[in-house]
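Subject: Structure handover and notes

Hello,

Here is the structure I said I would pass on. My notes follow it.

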There are 2 protein chains.
Amino acid sequence: MSPVRVAVDAMGGDRGPDEVVAGALAAAGDGIVPILYGDASLAAHGLEHVVTTQVIAMDEKPAEAVRAKPESSLVAACRSIGAGTADAVVSAGNTGAMLAAGLLEIRRLEGVMRPAIAVPILARDGPSVLLDCGANADARPEHLLQFAHMGAIFAEEILGVPSPEVRLLSIGEEPEKGNQLTLEAHKLLAESTLNFAGNTESRNLLVKAADVVVTDGFTGNVALKALEGTVLTVLQGLRAEITKTALGKLGGALIRPATRRLLTRLDPETYGGAYLLGLRGLAVIAHGNSSRTAIANAIRLAARGVEHDVCGRLSARLPERAESAV
Amino acid sequence: MSPVRVAVDAMGGDRGPDEVVAGALAAAGDGIVPILYGDASLAAHGLEHVVTTQVIAMDEKPAEAVRAKPESSLVAACRSIGAGTADAVVSAGNTGAMLAAGLLEIRRLEGVMRPAIAVPILARDGPSVLLDCGANADARPEHLLQFAHMGAIFAEEILGVPSPEVRLLSIGEEPEKGNQLTLEAHKLLAESTLNFAGNTESRNLLVKAADVVVTDGFTGNVALKALEGTVLTVLQGLRAEITKTALGKLGGALIRPATRRLLTRLDPETYGGAYLLGLRGLAVIAHGNSSRTAIANAIRLAARGVEHDVCGRLSARLPERAESAV
């Protein structure tokens, strides 16, 4: 197997280029060739390097920024997929800009209405895919149906789950609980060929709500950030309470291996990023505040997606699910 | 001060009447007189008791159930507020039915478009109020503005915060991040007389996002259940990891006081319930799966609301905020 070439937006992310480069260096080898997209200062690291002259900031308006800055690291990295000089792209930069650049430079798979951000969740009882986690702040019921199909193909092909169970994120398990969007989406999902098991609630996400949990991008983003923030706050709170007493500190030292195992599972850095599903090429969006570890894992996630041919399988299998493109 | 009379829906909740009665017994005294609403079997407990002949189940359609069962424990308990035989009502039953019965039997305060479920969150850096947590699955921007005003009055009067800071729950701190609803609500909030500090993200909720965090009922419910589920899953996961080794078990024993302190703060049972704001009388909605401890705390929360005259203050102060009823 030839190595996977991953275009890395070195200028994206809150922690600056050094952190991204360190992540790329950590991921290099083992069949992965990172290619840095960023300014001339990045030449010293011995990695492949494409010099770019513009940078899209985290707070720029996505569509305008992508139009105005074709030579930015983010847009140029996405363009490398369309041009065939890289197999996948990773950015911890402006998520909206990544979506806009993906649509412009990588383009949608035929029949795809909207790409969706799919986040793998390492839940207690097994892996789960939550989508959309933020590509579409407003979505229609038919979008949710298509997200569900993309998530199901993803779960089958990448997680190896035959006939994956799909659930709709709502505010009660009963079909009549929800808002206008989920009530209508529920009907579409129930009538579909999917293995639809009904609604689920956000409290189940970390236990394992289903193989695929489908929602609009606003709700998915709120749920995901609530999960991440709560894990962090609970573990920090525990540390603060433990270190209040000497006995607590001793106890804390004894349970450190246990907390480390738990953190490894629950920490978003462990998977590092999310797939942007529905494009003709593989794109991974990493957290804005990604550490080098998170960046390295996001690059590995991208390479795994290429090895499993995520885009090819979506492209081949979405049309057979004709209902997904109503 | 005369004791606060709290009507308790003894037939509501997943754990059955015995658990609710145990909670009422625990809360009785200290200026609180619980009045049980439920079937004849409840007479043996020495508490005041109003016999009711119907029960609304958790999965019944709210509006229909309330219309069809005027003699249910839930509806009768709400009616006692309108009739003046109780000062507040508490139910762990069907939330939608509680809302419908509240609108019918307690009625809206003048000028209130929609009541909202306000949940006190004991965040790391201080208390915070999140609303709406589920009364309105679909809401309009002007509803969110009014929720913000109700939340702000609540924070001023009950939490004692002068000029409470209000934030809008969204998927990014920048004003242009969000869905159609939050984009429009952001504008209304920014133009209002409120101390509006912009958007916040769900990851901040447990740290303390603001004195008042405003959102629609669907999003608020998803965020709240994500918080609660994650706290539970993390602490259970920690216990499972700790008990894998003998040293871990010893460590776990040493940190038990610390975990207990943390749980007390993060456990939803600690506050027990949520206020249904915007009605002419005080209503508290407890979790469906409330334990006796949670029920007792919900009854105490209701009594505190009566002592602070939450409804009277909302009624007196909402009109001065004329913009809240546009």
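Lys208(B) is partly exposed, with 18 other C-beta atoms within 10 Å. Here a residue is called buried if 20 or more other C-beta atoms lie within 10 Å of its own, exposed if 12 or fewer, and partly exposed in between, with C-beta atoms placed from the backbone. The phi of Lys208(B) is near 140°, a positive value in a residue other than glycine. Lys208(B) sits in the loop between strand S8 (195–200) and strand S9 (212–214) of chain B. Helices (H or I, at least four residues) and strands (E, at least two) are DSSP runs, numbered from the N terminus.

Before going further, some conventions. This is a predicted model, in which local features need pLDDT of at least 70 and side-chain atom pairs count only at pLDDT 80 or more, while totals for chains, interfaces and linings use all residues. Residues are numbered from 1 along each chain as its sequence is written, and chains are lettered from A and ligands numbered from 1 in the order in which they are written.

Other backbone points

Most residues other than glycine have a negative phi, and most peptide bonds are trans. Asp309(A) also has a positive phi, near 55°. Its place is the loop between H10 and helix H11 (310–317) of chain A, and Asp309(A) is partly exposed, with 14 other C-beta atoms within 10 Å.

Two peptide bonds are worth a look. The bond from Leu131(A) to Asp132(A) is cis, with omega near 0°, and Asp132(A) lies in the loop between strand S6 (126–131) and helix H5 (141–157) of chain A. In chain B, the bond from Leu131(B) to Asp132(B) is cis, with omega near 5°. Asp132(B) is in the loop between strand S6 (126–131) and helix H5 (141–157) of chain B.

Domains of chain A

Ten residues of domain 1 of chain A are in contact with nine residues of domain 2 of chain A; two residues are in contact if their C-beta atoms, placed from the backbone, lie within 7 Å. On the domain 1 side, helix H4 (95–106) and helix H10 (292–307) of chain A each supply at least two residues. H10(A) gives the most to that side, with three residues. By class, the domain 1 side has three nonpolar, seven polar and no charged residues. The classes are as follows: Ala, Val, Leu, Ile, Met, Phe, Trp, Tyr, Cys and Pro count as nonpolar, Asp, Glu, Lys and Arg as charged, and the others, Gly among them, as polar.

Where the chains meet

Between the chains, 51 residues of chain A are in contact with 51 residues of chain B. Helix H7 (217–242), helix H8 (246–254) and helix H9 (256–266) of chain A each supply at least two residues of the chain A side, and H7(A) gives the most, with 18 residues. The chain A side divides into 22 nonpolar, 16 polar and 13 charged residues.

Inside chain B

Which part of helix H4 (residues 95–106) of chain B is buried? Ten of its twelve residues are, so H4(B) is largely enclosed by the rest of the structure. The buried residues of H4(B), including Met98(B), Leu99(B) and Glu105(B), pack against helix H2 (62–68), helix H3 (73–83), strand S4 (88–91), strand S10 (273–277) and strand S11 (282–286) of chain B. After H4(B) comes Arg107(B), whose phi is positive, near 70°.

Strand S1 (residues 4–9) of chain B is mostly covered, with five of its six residues buried. S1(B) pairs with strand S2 (residues 32–38) of chain B in the parallel sense over six bridges; two strands pair if DSSP finds at least two bridges between them. Within this pairing, Val6(B) stands opposite Pro34(B) in S2(B). S1(B) also pairs with S4(B) in the parallel sense, over three bridges, and there the bridge partner of Val6(B) is Ala88(B).

Regards
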